[in-house]
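User: I would like to go through this model with you, piece by piece. Could you please begin with one of the sheets?

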Amino acid sequence: MPVWQALRQELHTQGFELVTVGLDTLGADGCRNFIEAAQPQHPSLIDQHHVMADLFGVVNIPSSIWIDEQGNIVRPAEAAPAPPKDASEDSGPNIDLPAVMPPRLVEMMGEAVKIPNSSVDYHAALRDWVAQGSESEYAMDEAKVVQRSRPRNEDTALGHAHFELATQLEMDGNHALAIKHFRLAHELVPDSWTFRRQAWSLEKLGDGPISRFWQGPNPENPEDWPYEGDWLADIKREGAENYNEGFKG
Amino acid sequence: MLLKSLSVSKTDFELGTGWSIKPEGACKGDICIPLPESSIDADSGMLNVNEVASAMNLPLAHEPQAKLWAMGPDSIGGRALSSAKAPELQLPDIDGNEFKLSSLKGKKVLVYAWAPY
């Protein structure tokens, strides 16, 4: 997040504002450490039910939506890579990695580096839009914005309803029932990584800094894992190169 | 939107779904979907969720053990967005202060979704 804050400070005088939204059913408790460390000057919000998925079609993180001065979307939800200057810093939160990395984490990082990263193109486009507004070739017209937003049908819409039920059940302390509805959401909205990652992150491995990043079965009792897939299995099956669509201009 | 019963006030429905209840039906932007007369209680003005959901083709998920329902988004046009007009986004910050995206009209805004996992 710090790199995004630097970008926001730079572009703020040009009438630009950044709004960050933490998608986490655990709410402020889940996001607090990252937000307090960042001390943002911009609006920094918490989204426990993933309304960003309902309203904008967010299926992955990090994602962005661009909105112009009139309140019109000019780019629908798409992958939002960190600025290119500091490629070593992921746009997501940084975590303290253990001194000895478990093989699963090594393998996960090996997959993560294969995920498309259009940082240079994305940020050139962003600066072009901030400078030129609707004249920018990267600002889409309404038809293109709608057409580029995620496909949705009755099944995926029902999946969103099950996800909202799941998040509320989790917040109410009813974890077993939450799992039931998370599973239905995963089945009905197979292209949402956030719906999956959210659910997996609630099956914490211990209490350490990697507990929510493990995103898969505990090696000591893998049979207790309540989901069909996990981060590593799913990214291998789908291919890291398909994790997001990259920047398409 | 989450529901603890299958009867909801117009105000809550509007806040939860972004659809306004007008004499011509449920409306958002240029689109209005007619609602059957029976879907609105003449005395209380409360909406019958099953009838409204059916008329608008909104999905309804149910968890009987928790007596909880959730109504999903519409899928008009087969896309997440049915127009370029940014929907209202109202969410709290970590201190619980509510923020509205519409308060930033007049600025270029980048909404950035992230997660701590």
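**Sheets, chains and their contacts**

Analyst: In chain B, three strands make up an open sheet in the order β3-β4-β5, and the pairing is antiparallel. Strands here are DSSP runs of E with at least two residues, helices are runs of H or I with at least four, and both are numbered from the N terminus. Two strands count as paired if DSSP finds at least two bridges between them.

User: Which strands stand at the edges of that sheet?

Analyst: β3 (20–22) and β5 (31–33) of chain B do; each has a single partner strand, so one side of each lacks a neighbour in the sheet. Neighbouring strands of this sheet are turned by 35° against each other on average, direction ignored. Such axes are lines fitted to C-alpha atoms, for helices over the stretch in contact, and angles run from 0 to 180 degrees between N-to-C directions.

User: How many bridges link β3(B) and β4 of chain B?

Analyst: Three bridges, in the antiparallel sense, pair β3(B) with strand β4 (residues 25–28) of chain B. B:Ser20 has B:Cys27 in β4(B) as its bridge partner.

User: Before we continue, what kind of model is this?

Analyst: This is a predicted model, in which local features need pLDDT of at least 70 and side-chain atom pairs count only at pLDDT 80 or more, while totals for chains, interfaces and linings use all residues. Residues are numbered from 1 along each chain as its sequence is written, and chains are lettered from A and ligands numbered from 1 in the order in which they are written.

User: What are the confidence scores?

Analyst: The model has ipTM 0.96 and pTM 0.95. For chain B the average pLDDT, the predictor's confidence in each residue from 0 to 100, is 96, and 100% of the residues score at least 70.

User: What is the order of the strands in the sheet that holds β8 of chain B?

Analyst: The order is β1-β8-β7 in chain B, an open sheet of three strands with antiparallel pairing. Its edges are β1 (2–3) and β7 (60–63) of chain B, each with a single partner strand, so one side of each is left without a neighbour in the sheet. β7(B) is joined to strand β8 (residues 68–71) of chain B by four bridges, the two running antiparallel. Within β8(B), B:Ala70 stands opposite B:Ala61.

User: And chain B overall: how many helices and strands?

Analyst: Chain B has two helices and eleven strands, which follow one another as β-β-α-β-β-β-β-α-β-β-β-β-β along the sequence. The C-alpha trace of chain B spans about 45 × 40 × 30 Å along its principal axes.

User: Now the two chains. How many residues are in contact?

Analyst: On chain A, 72 residues are in contact with 48 residues of chain B; contact means that C-beta atoms, placed from the backbone, lie within 7 Å. Helix α7 (residues 154–171) of chain A supplies the largest share of chain A's side, ten residues.

User: Which strands pair across the two chains?

Analyst: Strand β3 (residues 63–67) of chain A pairs with strand β11 (residues 108–114) of chain B, antiparallel and over five bridges. A:Ile67 has B:Val109 in β11(B) as its bridge partner.

User: Lastly, how is chain A divided?

Analyst: Chain A is divided into domain 1 (2–86 + 117–148) and domain 2 (154–242), with bounds from an automatic or database domain assignment. The C-alpha centres of these two domains of chain A lie 24 Å apart. Eleven residues of domain 1 of chain A are in contact with twelve of domain 2 of chain A.

Technical notes
Contact = placed C-beta atoms within 7 Å.
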